[in-house]
Amino acid sequence: MTLSAHDDTAAAMAAAGLVPGQSPSPVRLPAASVFKTRAARLRQLAEGHSLGDWLGFVATLSDAQQQRIDAAPGLTPGASPEQQWQGDLQALLALLQDQVPEPARPTLAALQHADAASLSALAERIVGGTMEADDMILAPFVMAALQVAWTRHAAGLDAASVAAPATAHSCPVCGSAPVAGVIHVGNESGGLRYLHCGLCHTAWHHVRATCVACGEGKEVSYRALDEREDGARAEACDTCRNYLKLLLAEKVPGAPGLDPIADDMATLALDILVSEEGYQRIGINPFLLLGE
Ligand SMILES: [Zn+2]
Ligand SMILES: [Zn+2]
């Protein structure tokens, strides 16, 4: 290894909050600028993409999320994300009023007039992966509000107080399944893997080459859309038939702009490939246009 390559590795590790020679930090809490990063990444990915219009729409949503979290960064004392997200939803809907295309306006109006109990039930179905057909069109707005409330909560925590065992398969802050894994530094055998929460945006370290869903490593294999080394891949497990998408942070064009939710959306074709083989996604990304 040349000195400059070593320096690059050290710089990449520092950017990932890691110190060479030390154990990786088990938990990385989100920055409050996560939505700004996502909007930029989505617009970059949208250029020339077959889903460009959709990626652009979610970028508009991300802008509104950033505006909301900037305007209301602090938690109301004693209030949980569950108690706050509906206020965030109404604020987001107001921000988006003049920005969404005409056909989306009735959706906004429906959410503006929905009562608290039906919104709570809707959120439970979205987060719990039990969406009904009519929920699909509402899900991006509801998820956007839930993300604001949970990210505000996670960003305000002390990372040292959040416990995450090295084999944790759900988010140590909110309990969600990971939306994707990101290999942060090094080559394929040496890089560290962080799992990323799509709700509160916490990331946690997880050992590699074992299935995140069942913990087995013997029946894990990888799928990719093409031969590119830097492309997204799916880690598929034949013990439990689940899969997790893996993104390579250091090789994705435009890094460190990689955003797990944005890059997950832009690699929908990989989900189609592995779901045709009968594997189930581990975590949910409601911005991903996966037909049920
Ligand atoms: Zn979480
Ligand atoms: Zn498994």
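The legends below describe close-up views of a predicted model.

Residues are numbered from 1 along each chain as its sequence is written, while chains are lettered from A and ligands numbered from 1 in the order in which they are written. In this predicted model, local features need pLDDT of at least 70 and side-chain atom pairs count only at pLDDT 80 or more, whereas totals for chains, interfaces and linings use all residues; side-chain values use heavy atoms, with hydrogens and water left out.

**Figure 1. Overview of the chain.**
The chain holds nine helices and eight strands, where helices (H or I, at least four residues) and strands (E, at least two) are DSSP runs numbered from the N terminus. Of its 292 residues, 47% are buried; buried means under 20% relative accessible area, exposed over 50%, and partly exposed in between (1.4 Å probe, protein chains only). Among contacts (heavy atoms within 4.5 Å) with a separation of 6 or more, 62% join residues 24 or more positions apart.

**Figure 2. The site of the zinc ion (ligand 1).**
Cys171, Cys174, Cys197 and Cys200 coordinate the zinc ion (ligand 1) through their SG atoms at 2.3 Å. Donors are N, O and S atoms within 2.8 Å of the metal (3.2 Å for Na, K and Ca); water is not among the atoms, so sites may look incomplete. The four donor atoms subtend angles of 96 to 120°, and the arrangement is therefore tetrahedral; four donors count as tetrahedral if all angles lie between 85 and 135 degrees. Along the sequence, the donor residues are spaced C-x2-C-x22-C-x2-C. Cysteine 174, in the loop between α7 (139–155) and β2 (178–183), and cysteine 200, in the loop between β3 (193–197) and β4 (203–205), link distant parts of the chain, 26 residues apart. Cysteine 200 is buried, at 0% relative accessibility, and cysteine 197 is buried at 3%.

**Figure 3. The site of the zinc ion (ligand 2).**
The zinc ion (ligand 2) is coordinated by the SG atoms of Cys211, Cys214, Cys237 and Cys240, at 2.2 to 2.3 Å. Angles of 105 to 115° between the four donor atoms make this arrangement tetrahedral. The donors follow the spacing C-x2-C-x22-C-x2-C along the chain. Because cysteine 214 lies in the loop between β4 and β5 (220–224) and cysteine 240 in the loop between β6 (233–237) and β7 (242–248), the pair ties together parts that are 26 residues apart in sequence. Cysteine 214 is partly exposed, at 33% relative accessibility, and cysteine 240 is partly exposed, at 24%. A search of the whole structure finds zero disulfides (pairs of cysteine sulfur atoms within 2.5 Å).

**Figure 4. Arginine 43 and its surroundings.**
Arginine 43 belongs to helix α2 (residues 34–46) and is partly exposed, with a relative accessible area of 40%. Not counting residues up to four places away in sequence, arginine 43 touches Ala59, Thr60 and Asp63. Leucine 55 is 12 residues from arginine 43 in sequence and 7.0 Å from it in space, C-alpha to C-alpha.

The average pLDDT of the chain is 85, and 85% of the residues score at least 70; pLDDT is the predictor's confidence in each residue, from 0 to 100. Over residues 1–9, pLDDT stays under 50, and the model has one contact beyond four places in sequence for them. Residues 12–17 also stay under 50, with nine such contacts. Where pLDDT is low, the predicted coordinates should not be read in detail.

Note on methods:
Tetrahedral: all angles 85-135°; square planar, octahedral: opposite > 155°, others 65-115°.
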